[in-house]
Amino acid sequence: MKRQAYFMIIIRLLSLVFACLLTGEALAERSVCFYGFDTNSAEYDEFTKQHPDVIIRADSTVYYNTQQILNGFITGELPYDVFTLSTDSFNIHSLMAKGYLAPVTDNENIQSAMESMYAPFREQLSYEGVLYGVPYGCSISYYAYDPDAWTAAGFTAEDVPTSFASYLDFLEQWVLRIQEKPEKDIRVCGYFDERQYGSDSYILYLVQLLMDQHILQSNYSNQPLRFDTDEFKALLERCQGIGKELYTCEPKQNGTYSLFTDASSFHSLLYYVPLRLTEDQPILMKATIIAGFINIRSQEIELSKEYLGQKLQDMSAAEKVYFYPEAKPVENENQQRLAAAMAETIAGIETELSSDTLTEEEREALNERLEEKKAQYDKVADPAGMYDVSPEDIAIYKQYGDRLYFQGPSVFDPSTEDGQKVRRLEEQYALGEITTDQFVKELDHLAQMLELENE
C-alpha cells in the first residue's frame, strides 16, 4: 500500500514537471502581428528567414478603417505590433503627442537611412526631436500644363503662371484671345463630364482649385483656416467672372488638347504650375507618405524596429527616388533589353550587306529591312522610354524634395459629412445662388465649428 502511494506521488511530480515545461515553452513563444504590409516582399521574406522561431501574423489589407484604428489607440486594444498609416488619413503628429506610437530613433539602421532622406520626411515623422515612423511609400500631386497643348497654342515656358493670381491673369488673356479668334482644338482643361458640362462648370472648377490651395497654404503656415478676407474674396470673384467667360467661349468640350491637367508622375514635373495664392507664398509640392509605425503597447518593440529597418534596406530603386537626394535613375529594363535585341538585329543585317556575293535584289531587300529596323529602333531607343525615372526627372524632383508638404486629413475632406456641406456650398456659389459674402461666412462658420470639435 505504501509502495503504491509512493508510486502515485512520483507520477504526480513527473506530471507537474512536464506541465511546467510545456508552460515554459508557451511563455517563451514569440509572435508579432503586421498590418498593411506586403507579405510577398523581399523584406518580409528576409525577416521570416531571420526569425524562424517567431510566429508572424500578417494582414496585408491595403484599405483599412480609419475610425477602427483610432478606436484601437484610444481603448488600447489595437492588435497590431507594426502597422501602416498614411499622412492624408491620420494626423500623425497628434498620434505621436498622445503617446500611441513607439520611438524608433535608437535603431541604427533606421536612423542612418532617415538622416540621408529629404528633410520633410524626417520632420513629418518626428515629434519634439524623436523619430516615430519609417516611410516606405510616397505619392505626389500637382497642377501641370500639357506641353503638346502649350506648343499648339504657341506658348513658351515664360508664359507659365507662377501663382494662382497669375494663373487667373493667364486665363483672362486666353479668354480675350479666343473671343477674337475661337479655338477649336485647344481647351483650358478636359476635366468635365460632357453630360454635366454647363455654365457653372468652369466656375466650380476654379473655385475648388482656389479652395484646395488656400487650405494647403493655411495648414502649411499653421494658421487658422479663414476665408472671409479681402484677398480671398477678390480671387473668388475673379474665378466667378473668368469661369463665366470661359464657358461662353467654350460652350462645348471640343478639341484635342487641354492646356492644364492634374499630374502625379515624375515625367510631368518639368511642367509644374505652382498655384500658391500670391507670389510671396512658398511653392509647395503636395505629397502623401505611407509609413510604418510601432504600437507603444507591443511586447516586441525591438523585433518590430528590426522589421522596419529591413523594409528601409530593401526599398526598391523606384521608391528610393522619392526619399533620397542621391537616388539613382530607374531604368526600364524591358525597353533596354528590346533596344539591345534590335541593335543586334541591325548589326546582323549590316554584316549581311557587307557580303560581295549578294544579288541586287537581295541587297535591295536587305536595305529595305535595315531601314525598317532602324526606324523601329529609333522609337524603342527614345531616351524618354528607356527610363521609368530618368536622370532629368531626378534633377527636377530635387528642386522640390525639400518643399514637399504632407497635408493631413482636411477639415473639408469631400468623403466626410462636413466636406459634403462644403461641396454643396461651392456648387451654390458657382450657380449664383449665394453671394461671395454669404459663401465665405458659411465657410468660416464650418471651419470654426470643426476647430472647436477638435480641441
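## Helices H13 and H14 in a predicted chain

Gln 335, Leu 338, Ala 339, Met 342, Ala 343, Thr 345, Ile 346, Ile 349, Glu 350, Glu 352 and Leu 353 of H13 are in contact (heavy atoms within 4.5 Å) with Arg 363, Leu 366, Asn 367, Arg 369, Leu 370, Lys 373, Lys 374, Gln 376, Tyr 377, Lys 379 and Val 380 of H14. Among the residues of this contact, 11 are nonpolar, four polar and seven charged. Ala, Val, Leu, Ile, Met, Phe, Trp, Tyr, Cys and Pro count as nonpolar, Asp, Glu, Lys and Arg as charged, and the others, Gly among them, as polar.

The model is predicted: local features need pLDDT of at least 70, side-chain atom pairs count only at pLDDT 80 or more, and totals for chains, interfaces and linings use all residues. Residues are numbered from 1 along each chain as its sequence is written, and side-chain values use heavy atoms, leaving out hydrogens and water.

| Helix | Residues |
|---|---|
| H13 | 333–353 |
| H14 | 360–380 |

The two axes (lines fitted to C-alpha atoms over the stretch in contact, with angles from 0 to 180 degrees between N-to-C directions) come within 10 Å and cross at roughly 160°. H13 and H14 are therefore roughly antiparallel (an angle over 145 degrees) to each other.

The protein chain holds 18 helices and 13 strands, which are DSSP runs: H or I of at least four residues for helices, E of at least two for strands, numbered from the N terminus. The C-alpha trace spans about 120 × 90 × 40 Å along its principal axes.

Methods
Parallel < 35°, antiparallel > 145°, perpendicular 65-115°, else oblique.
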